[in-house]
Amino acid sequence: MNCLICSAPFLEAPSWQRLFTMKQSETTCEKCKSKFEKATDKEHETDWIGTIYEGALDSLTSIYSYNMWMKQVYQQYKFQHDVELAKVFAADFSHLKKNKNLIVPIPLHQDMLKSRTFSQVDQLLLAARVPFTQVLTKITNSSQIKKSKKERIESEINYSVCADVQSQTILLVDDLYTTGTTLRHIAFILKEAGAQEVNAITLIRA
Ligand SMILES: [Zn+2]
């Protein structure tokens with residue numbers, strides 16, 4: 001078996017052992033695996049106090065930190081259309097199969113989808129065999145010129161809810177967490193649409 005990141009051959013645990021632990025096949029060698037760093041929880045909630053997004057997101061979990069190694073792997077995944085790399089992180093998301101929340105990936109804009117050919121968040125969930133539901137659509141931002149302040153704020157809301165989410169408990173899934181604005185914005189509109197609880201998990205936290 002060859003490592004999906006560095007292509008070096010490596011020895012896998014015997015198949016009976018994988019069967020016993022119900023683990024998916026290994027995709028990554030120990031050397032590559034050891035360079036990933038688990039994310040340490042940083043509290044950013046205070047940044048949102050007094051804004052419309054205060055309390056919109058009920059919880060946030062991130063799996064890995066955005067260290068140099070992750071940057072390299074992630075860039076390869078995101079821009080070189082390396083769908084195979086989604087398998088590297090499949091094990092990190094497979095526990096979501098048992099999650100009772102409605103699993104909702106953050107969608108890519110349709111134009112982006114054309115140029116990228118696939119949505120990396122969907123690929124992560126597909127590789128982990130986690131069922132998901134698409135309840136969001138991304139809408140194009142029209143020009144900000146000649147708009148009132150109120151219209152400008154409303155046009156920043158560039159996602160819309162396209163399914164019934166009344167009383168639902170939702171788990172948003174995204175690949176990279178940077179400022180957190182997108183996730184909070186989406187949590188906000190989901191709650192406006194009647195969602196009871198909105199949690200989020202991201203692969204990486206910058
Ligand atoms: Zn490797």
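This is a predicted model: local features need pLDDT of at least 70, side-chain atom pairs count only at pLDDT 80 or more; totals for chains, interfaces and linings use all residues.
Stepping back, the protein has 8 helices and 6 strands, and 26% of its 206 residues count as buried.

**Overall layout**

- Going along the sequence, the elements come in the pattern α-α-β-α-α-β-α-α-β-α-β-β-α-β.
- If you take the contacts between residues at least 6 apart in sequence, 77% of them join residues at least 24 apart.

**The sheet**

- Four strands make up an open sheet, and they line up as β1-β6-β5-β2 with parallel pairing.
- The edges belong to β1 and β2 (102-105); each has a single partner strand, so one side of each has no neighbour in the sheet.
- On average, neighbouring strands here are turned by 20° against each other, ignoring direction.
- β5 and β6 run parallel and are joined by 8 bridges.
- Within that pair, Leu-172 sits opposite Ala-200 in β6.

**Helix α8 against the sheet**

- α8 packs on the sheet and touches both β5 and β6, with its direction at about 165° to that of β5.
- The helix covers residues 181-192, which makes 12 residues, and spans 16 Å from first C-alpha to last, close to the 16 Å expected at 1.5 Å a residue.

**The nonpolar core**

- The largest nonpolar core has 41 residues, and the ones touching the most other members are Leu-124, Ile-170, Leu-172, Val-173 and Ala-187.
- At least two core residues come from each of β1 (59-65), α3 (68-79), α6 (120-127), β5, α8 and β6.
- Ile-170 is worth a click: leaving out residues up to four places away in sequence, it touches Asn-101, Leu-102, Val-104, Val-165, Leu-190, Ala-195, Glu-197 and Val-198.

**Helix α6**

- α6 is largely enclosed by the rest of the structure, because 6 of its 8 residues are buried.
- Those buried residues are Gln-120, Val-121, Gln-123, Leu-124, Leu-125 and Ala-127.
- They pack against α3, α4 (90-93), β2, β5 and β6.
- After α6 you meet Arg-129, which has a positive phi near 55°.

**Glu-37 and its surroundings**

- Glu-37 lies in the loop between α2 (30-34) and β1.
- It counts as partly exposed because it has 13 C-beta neighbours inside 10 Å, whereas a residue needs 20 or more to be buried and 12 or fewer to be exposed.
- Glu-37 and Tyr-64 are 27 residues apart in sequence, yet their C-alpha atoms are 5.6 Å apart in space.
- Not counting residues up to four places away in sequence, Glu-37 touches Tyr-64, Ser-65 and Asn-67.

Terms used
Residues are numbered from 1 along each chain as its sequence is written. The expected span of a helix is 1.5 Å times one less than its number of residues. Two residues are in contact if their C-beta atoms, placed from the backbone, lie within 7 Å. A nonpolar core is a set of buried Ala, Val, Leu, Ile, Met, Phe, Trp, Tyr and Cys residues joined through C-beta atoms within 7 Å. Two strands pair if DSSP finds at least two bridges between them. Axes are lines fitted to C-alpha atoms, for helices over the stretch in contact, and angles run from 0 to 180 degrees between N-to-C directions.
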